[in-house]
Amino acid sequence: MPTICRDCYESFERPGRCPACRSPRTLSHPEILTLGIAHIDCDAFYASVEKRDDPTLADRPVIIGGGRRGVVSTACYVARIRGVRSAMPMFKALALCPEAVVIPPRMETYVAVSRQIRTLMEEATPLVEPLSLDEAFLDLRGTQRLHRAPPAITLARLIARIRSETGIDASAGLSHNKFLAKIASDLDKPRGYSVVGEAETDTFLAPRPVSTIWGVGAATQKKLIADGFRTIADLRRADEADLTARYGAMGRRLAALARGEDARLVTRNAAMKSISAETTFDEDIRDRETLEAHLWRLAVRVADRAKARTLAGRRVTVKVRTADFRALTRQSALTSPTQLADRIFTTGRALLGLILSQGPFRLVGVGISDLLPEGEGDDASADLLDSQAGARARAERASDRIRARFGADSIAKGRSIR
Ligand SMILES: [Mg+2]
């Protein structure tokens with residue numbers, strides 16, 4: 001069976017240790033030499049950057065988040081073993097893991113590392129589609145001649161290079177489309193590398209829960225289970241017309257993805273209309289502080305994705321769903337486009353305040369729209385109503401520029417600028 005070595009990048013026919021370097025880190029799959037759609041996802045990204053920059057944290061449980069708005073943003077793997085998860089309220093996380101080191105996010109550093117990783121990805125293929133600061137799709141088909149190696153080996157080299165040049169571990173998935181590549185990268189974290197071939201697509205997907213499907217969040221999953229669709233096999237047994245009648249366009253999408261069909265191309269910058277994030281709660285929430293804590297976490301996620309895509313938005317929208325399932329939205333146009341979590345949050349908090357009396361809510365979401373490429377005219381030109389926001393934005397841009405000029409070694413220098 002075709003096999004590659006993750007350490008010396010040889011390929012050979014017999015599974016087991018690498019005959020060239022004796023490494024046990026080999027990967028065998030019947031289709032490994034022909035698949036070319038990859039998904040790369042850094043492992044506990046924010047926490048990994050903090051551990052890299054402070055080696056005394058290496059074996060300690062690290063939680064990114066906290067501050068005034070107490071929700072976990074990222075937990076390292078040591079903290080995850082103790083049950084800490086992202087989106088968990090900080091008091092709960094600290095009850096599970098009292099000795100955790102809590103660090104407020106340093107977004108500008110994460111953005112700089114992300115851009116460094118992006119550059120490495122773009123040396124592997126021009127077709128890189130970032131999903132967030134620490135995640136991207138890569139189309140490696142057609143790079144064989146350039147790298148004199150099949151995509152699977154180029155991907156192994158890239159992951160190793162990300163580790164050696166940025167100090168960050170990442171996991172990879174390799175398959176024949178985006179949907180499956182993304183599932184694959186999550187199979188064996190951290191430092192995973194998983195392959196899903198065409199021939200095994202059906203058997204691979206069948207037993208998995210419907211929540212495996214991209215876009216099926218907690219609320220949709222609940223609904224699907226109530227309708228008798230627990231696994232992907234359940235969805236596949238239903239016919240497409242039935243799913244479309246029940247769930248509209250989403251039903252059609254569910255039917256296709258349940259069969260492992262996903263024709264979406266890897267594109268450098270998809271024509272995005274908006275970037276948003278939302279969360280559904282286990283229990284309805286009325287409390288302002290708790291809602292704002294979630295809003296902050298979601299604003300960080302939106303900002304993170306906007307920065308990854310080098311986009312900024314001129315409009316902020318807040319969405320809630322009430323306990324009796326009514327959807328309410330409020331939006332606000334900004335004086336200048338933004339991609340900063342702080343500004344998205346501040347605007348979103350004011351919008352949330354307008355509808356707070358209609359709570360409790362079962363869902364809250366925030367997004368930006370009217371998107372433009374980032375650049376002059378956005379946050380860098382300051383928000384007239386909040387001079388501090390302008391100062392923070394300028395500091396962020398300045399440290400990004402320094403890193404771009406002087407590279408990774410300037411990161412410590414860049415930090416002191418804050
Ligand atoms: Mg990640």
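Hi everyone. Let me start with a word we will need: a residue counts as buried when its relative accessible area is under 20%. Take Tyr46, at 7%; that value is under 20%, so Tyr46 is buried. Please keep in mind that what we are looking at is a predicted model.

Let's stay with Tyr46 for a moment. Which residue makes a tilted aromatic pair with Tyr46? There are six aromatic pairs by the rule used here, and in one of them Tyr46 is joined by Phe45. Their ring centres are 6.1 Å apart, and the planes make an angle of 55 degrees. If you wonder about those two values, a pair of aromatic rings is described by the distance of the centres and the angle of the planes. Phe45 is buried as well, with a relative accessible area of 3%. Ring pairs also bring in Tyr110, giving a cluster of Phe45, Tyr46 and Tyr110.

Rings can have charged neighbours too. Find Tyr77 on your screen: the charged end of Arg80 sits over its ring, 4.5 Å from the centre. Then look at Phe204, where Arg208 lies over the face of the ring, at 4.0 Å from the ring centre.

Now for the metal. Which residues coordinate the magnesium ion? They are Asp41 and Asp134, each through OD, and Cys42 through O, at 2.1 to 2.5 Å. Written along the sequence, the spacing of these donor residues is D-C-x91-D. Cys42 and Asp134 link distant parts of the chain, as they are 92 residues apart. You will find Cys42 in strand S4, residues 37-42, and Asp134 in the loop between strand S8, residues 128-132, and S9. Are these two buried or exposed? Cys42 has a relative accessible area of 3%, so Cys42 is buried. Asp134 comes out at 17%, which is under 20%, so Asp134 is buried too.

The UniProt record, an unreviewed entry, lists Glu135 under "active site". Where in the fold is Glu135? Its place is in strand S9, which covers residues 135-139. With a relative accessible area of 15%, Glu135 is buried. Leaving aside residues up to four places away in sequence, Glu135 touches His39, Ile40, Asp41, Pro130 and Lys182.

Technical notes: Residues numbered from 1 in each chain as written. Predicted model: local features only at pLDDT ≥ 70, side-chain atom pairs only at ≥ 80, totals over all residues. Heavy atoms only, no water. UniProt positions renumbered as here; feature names shortened; annotations may be inferred. Helix = DSSP H or I, 4+ residues; strand = E, 2+ residues; numbered from the N terminus. Buried < 20%, exposed > 50% of the residue type's maximum accessible area, 1.4 Å probe, protein only. Contact = heavy atoms within 4.5 Å. Phe/Tyr/Trp six-rings, centres within 6.5 Å; stacked < 30°, edge-to-face > 60°. Lys NZ or Arg CZ within 6 Å of the ring centre and 35° of its normal. Donors = N, O, S within 2.8 Å, 3.2 Å for Na, K, Ca; no water.
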